[in-house]
Amino acid sequence: MDGPMSPPLFRALHHVALICSDYERSKHFYSEVLGFRIIHEVYRADRASHKLDLEISPTQHLELFSFPSPPARLTRPEACGLRHLAFAVQDIDQTLAELRARGVESEEVRVDPVTGQRFTFFRDPDDLPIEIYEQEAR
C-alpha cells in the first residue's frame, strides 16, 4: 500500500455467539465447568429461544443461544465458517488439570511450530473445538 496507513476500523473482538442444541447442558458447561460469569439471561418466547450473555473477561463476552431444532455442526470434514474458539492461558498444565477435575477431556498438548507455544483442544457439548493456548501474561 502507498501512503500512510489509516487507523484500524475495529478496536477489539467484543463477543462470539454460539447456538447450542441443549441450553441447560451448554449453560452448565460454559458457566460452571469453564467458569464464565453470567451477565444476563433471557428467554425470548416469540422465538422459543434462550439467550445467555457470559463474561470471558471484562472486554470479551460469549453469547449462548438456543433455538428449536438447530442443525448439527459440521466438523469432519470441516465446513466454512467458525473453526474453533481459542483461549489464552498462562499455564496449560494447570488449566488441563482443572479441566480434567471438572470432567473435561482434551487432546494431547502440542507445540505450535511457528510460535513455539503449547496448545491443545477440547470440545464443548455440541462438539465445537475449543483451543487453549499457553501465553505468558503481559
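1. Ala48 is partly exposed, with a relative accessible area of 34%. The cut-offs: buried is under 20% relative accessible area, exposed is over 50%, and partly exposed lies in between, with a 1.4 Å probe and protein chains only. Ala48 sits in the loop between strand S2 (37–44) and strand S3 (49–57). Its phi is near 50 degrees, a positive value in a residue other than glycine. Most residues other than glycine have a negative phi.

2. On the basis of the note: this is a predicted model, in which local features need pLDDT of at least 70 and side-chain atom pairs count only at pLDDT 80 or more, while totals for chains, interfaces and linings use all residues. Residues are numbered from 1 along each chain as its sequence is written, and side-chain values use heavy atoms, with hydrogens and water left out.

3. Ser69 also deserves a look. Phi of Ser69 is near 50 degrees, again positive in a residue other than glycine. Ser69 lies in the loop between strand S4 (60–66) and strand S5 (85–89). Ser69 is exposed, at a relative accessible area of 73%. Strands are DSSP runs of E, at least two residues; helices are runs of H or I, at least four; both are numbered from the N terminus.

4. Next, helix H1 (residues 23–33). Its buried residues are Tyr23, Ser26, Lys27, Phe29, Tyr30, Ser31 and Val33. Their cover includes strand S1 (15–20), S2, S3, S4, strand S7 (118–123) and strand S8 (129–134). Contact here means heavy atoms within 4.5 Å.

5. The ends of H1. At the start, a side-chain oxygen of Asp22 reaches to within 3.3 Å of the backbone nitrogen of Glu24. Just after H1, Gly35 takes a positive phi of about 85 degrees.

6. Aromatic pairs. The structure holds seven of them. Phe29 and Tyr30 form an edge-to-face pair, 5.1 Å centre to centre and with 90 degrees between the planes. Both Phe29 and Tyr30 are buried. The rings of Phe119 and Phe121 have centres 6.1 Å apart and planes at 90 degrees, so this pair is edge-to-face. Both Phe119 and Phe121 are buried. Rings of Phe, Tyr and Trp (its six-membered ring) pair if their centres lie within 6.5 Å; planes under 30 degrees apart count as stacked, over 60 as edge-to-face, and the rest as tilted.

7. Which residues do ring pairs link into a cluster? Phe29, Tyr30, Phe36, Phe87 and Phe122. Phe29 and Tyr30 are also among the buried residues of H1.

Notes. A polar contact is a pair of N or O atoms within 3.5 Å; within protein, one must be able to donate a hydrogen and the other to accept it, and residues adjacent in sequence count only if both atoms are side-chain atoms.
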